[in-house]
Amino acid sequence: MIISHNKGRGRKIHILADGEYALTTDVDFWADHYIKDGSEISEEEWAEFVSEANYRKAVNKCFDFLSRRDYSVKELRGKLLKTVDADSADRAIERMLELDYLDDERYAESLLNHLINNKKMSSSFIRQEMLKRGISRDTVDALLSETEIDNVSVIAELIVKKYRTKLEAENGRDKVIAALMRKGFTYSDIKAAFRELEE
């Protein structure tokens, strides 16, 4: 197999095998794994080169995703699998764990605070959301058992800040109750919140 390369846009390098486009990598990887144009390599050497290029791509993707926000291991793996193979994704995730850029328990605490303070979710919806994002059931149970979530106070705050004008519309109270129930709050908690506000 004869290897050659072309410079792409920005930092991209396009690798050709026997004159056909094979893969794209970056200048850093190419500098570390340089193969002189016209060099002949074996199938085994090519397979190793491709594996390392895909791993580098997965690591770079991890850095890119994690620079924007935190992820659970499951979430990040799902994102990676859209562009890299499973082996490269798993190796990259292992590297992120080693570097302490990925930590499900730390992420779970941050997510819990966000869902309580910013999203104003009910405890049942918080549980569902955390499980959906790949946090283990044990971690979710432990965090929720340590956290006091006053659903009635959360509902009262939502009514005042988000639903006050809707209450004035026709059948406004019923519509607000329906909206709150869709957020996972129980009818009894909603009634208690209305009682609290009326008092």
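Student: In what sense do E1 and E4 pair?
Tutor: This is a predicted model. In it, strand E1 (residues 2–7) pairs with strand E4 (residues 39–40) in the antiparallel sense, over 2 bridges.

Student: Which residue stands opposite Ile2?
Tutor: Glu40 in E4 stands opposite Ile2.

Student: And how many bridges link E1 and E2?
Tutor: E1 and strand E2 (residues 12–17) share 5 bridges, in the antiparallel sense. Asn6 stands opposite His14 in E2.

Student: What about the hairpin there: how many residues lie between the strands?
Tutor: The hairpin of E1 and E2 has 4 residues between the strands. Gly10 takes a positive phi near 60 degrees in this hairpin.

Student: Switching to helices. At what angle do H2 and H4 pack?
Tutor: Helix H2 (residues 43–68) and helix H4 (residues 86–98) pack at about 50 degrees. Their axes are 8 Å apart.

Student: Left-handed or right-handed crossing?
Tutor: Right-handed, as H2 passes H4.

Student: Which residues make the contact?
Tutor: From H2, they include Tyr55, Ala58, Val59, Cys62, Phe63 and Leu66. From H4, they include Ala89, Arg91, Ala92, Arg95 and Met96.

Student: How many are nonpolar, polar and charged?
Tutor: The contact of H2 with H4 has 9 nonpolar, 3 polar and 3 charged residues.

Technical notes: Residues numbered from 1 in each chain as written. Predicted model: local features only at pLDDT ≥ 70, side-chain atom pairs only at ≥ 80, totals over all residues. Heavy atoms only, no water. Axes fitted to C-alpha atoms, helices over the stretch in contact; angles between N-to-C directions. Left-handed = near helix turned anticlockwise from the far one by under 90°. Contact = heavy atoms within 4.5 Å. Nonpolar A, V, L, I, M, F, W, Y, C, P; charged D, E, K, R; others polar. Pairing = 2+ DSSP bridges.
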